[in-house]
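Colleague: I would like to learn how to read a model like this one. Can we go through it feature by feature?

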Amino acid sequence: MTEKVNRIRKVSQFLKSVFGAITALIPVGVTAFWLCLNSLHQYVQFPPFVHGQYPLSPTTQWLGLAASTFSVACIMSITWQLTKLFSFYSQGIIFTQNNTRCLKRMAFSILMYAPISVVVKTLITLNLSSQTTPKFEVSVSTTELGYLLLGSIVMVISWIMEEARRLKSDCDLTI
Amino acid sequence: MPIHIELDVMLAKRKMRLKSLSKKVGITEQNLSVLKNGKAKAIRFSTLALLCEHLDCEPGDILKYTREE
């Protein structure tokens, strides 16, 4: 059992660092993306909703960044909860209320990300098309359904971990 | 909880300390303290047997049932 817990601790330590770095880099990356979009669009294939009349004006770039903050905040919430969860696991804290709380918050953030990403894509399309003919387009794809499914799965996992916590508590109080 | 643990009563009768009982039984003092303070949710038969052996008593001397009204 100790060997398995040590394995959990080792891998969790690594994953904690990975998700911590991702949490820090996301806002930097998204900001850099919007500010460098005028030079990047020639070399990189972007999704359809990012297509616009290049070069973009600074106002368009800043508005695009502002619209992206909603989805960035959501994603950062998810990666932050993952960082906290793996931080607990790296300390050998596996079945506690704090862990289930992380999972529940993560599930909620993933579920919220589905409608937020639809709204953000609509705002970005509107913003990027504002320089020519403004285009109001609401697109819902299987990706959003995927987020809803994933969020539901993580929510169920949080309920199962809550049961596991209760069982461990009973086991700990069995003398 | 209608089941009460009267471990402290038996310890007093046998003039034994919790620390020495924990060493004899092979359970940590902390766990025995959880049992003594009524915070335990369950007790293993093996633990109960060891307690009865070292306190020279019956399970009924340690476990008391009080009907809740």
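Colleague: Which residues does A:S68 touch, not counting residues up to four places away in sequence?

Modeller: First, the ground rules. This is a predicted model, in which local features need pLDDT of at least 70 and side-chain atom pairs count only at pLDDT 80 or more, while totals for chains, interfaces and linings use all residues. Residues are numbered from 1 along each chain as its sequence is written, chains are lettered from A and ligands numbered from 1 in the order in which they are written, and side-chain values use heavy atoms, with hydrogens and water left out. Now your residue. Contact means heavy atoms within 4.5 Å. A:S68 touches A:V30, A:W34, A:V120 and A:I124.

Colleague: Where is A:S68 found, and is A:S68 buried or exposed?

Modeller: A:S68 is found in helix α3 of chain A. Helices are DSSP runs (H or I, at least four residues), strands are E runs of at least two, and both are numbered from the N terminus. Buried means under 20% relative accessible area, exposed over 50%, and partly exposed in between, with a 1.4 Å probe and protein chains only. A:S68 has a relative accessible area of 6%, so A:S68 is buried.

Colleague: Which residues is A:L85 in contact with, leaving aside neighbours within four places in sequence?

Modeller: A:L85 contacts A:N99, A:C102, A:L103 and A:M106. A:L85 also lies in helix α3 of chain A. Its relative accessible area is 4%, so A:L85 is buried. A:L85 and A:I8 are 77 residues apart in sequence, yet 12 Å apart in space, C-alpha to C-alpha.

Colleague: How do I read helix packing? At what angle do α1(A) and α3(A) cross?

Modeller: The axes of α1 (residues 2-35) and α3 (residues 58-90) of chain A come within 8 Å and cross at roughly 170 degrees. That makes α1(A) roughly antiparallel to α3(A). The cut-offs are under 35 degrees for roughly parallel, over 145 for roughly antiparallel, 65 to 115 for roughly perpendicular, and oblique for the rest. The contact of α1(A) with α3(A) has 18 nonpolar, twelve polar and two charged residues. Here Ala, Val, Leu, Ile, Met, Phe, Trp, Tyr, Cys and Pro count as nonpolar, Asp, Glu, Lys and Arg as charged, and the others, Gly among them, as polar.

Colleague: What is the hand of the crossing of α3(A) and α4(A)?

Modeller: A crossing is left-handed if the near helix is turned anticlockwise from the far one by less than a right angle, and right-handed if clockwise. The axes of α3(A) and α4 (residues 97-128) of chain A come within 9 Å and cross at roughly 165 degrees. α3(A) is therefore roughly antiparallel to α4(A). The crossing of α3(A) and α4(A) is left-handed. Their contact has 21 nonpolar, ten polar and two charged residues.

Colleague: At what angle do α2(B) and α4(B) pack?

Modeller: α2(B) and α4(B) pack at about 120 degrees, with axes 10 Å apart. They are therefore oblique to each other. α2(B) passes α4(B) in a right-handed crossing. B:L21, B:K24 and B:V25 of α2(B) meet B:L50, B:L51, B:H54 and B:L55 of α4(B).

Colleague: Which residues of the largest nonpolar core touch the most other members?

Modeller: In soluble globular proteins, nonpolar side chains tend to be buried together. A nonpolar core is a set of buried Ala, Val, Leu, Ile, Met, Phe, Trp, Tyr and Cys residues joined through side-chain atoms within 4.5 Å. The largest core has 20 residues, of which B:L7, B:L21, B:L32, B:L35, B:L51, B:L55 and B:I62 touch the most other members. Helices α1 (7-13), α2 (18-25), α3 (29-36) and α4 (45-55) of chain B each supply at least two residues of this core. The largest share, four residues, comes from α4(B). Apart from this core lies another, of 15 residues, including A:F88, A:Y89, A:L103 and A:M155.

Colleague: Where does B:K15 lie?

Modeller: B:K15 lies in the loop between α1 and α2 of chain B. B:K15 has a positive phi of about 50 degrees although it is not a glycine. Its relative accessible area is 77%, so B:K15 is exposed.

Key. Axes are lines fitted to C-alpha atoms, for helices over the stretch in contact, and angles run from 0 to 180 degrees between N-to-C directions.
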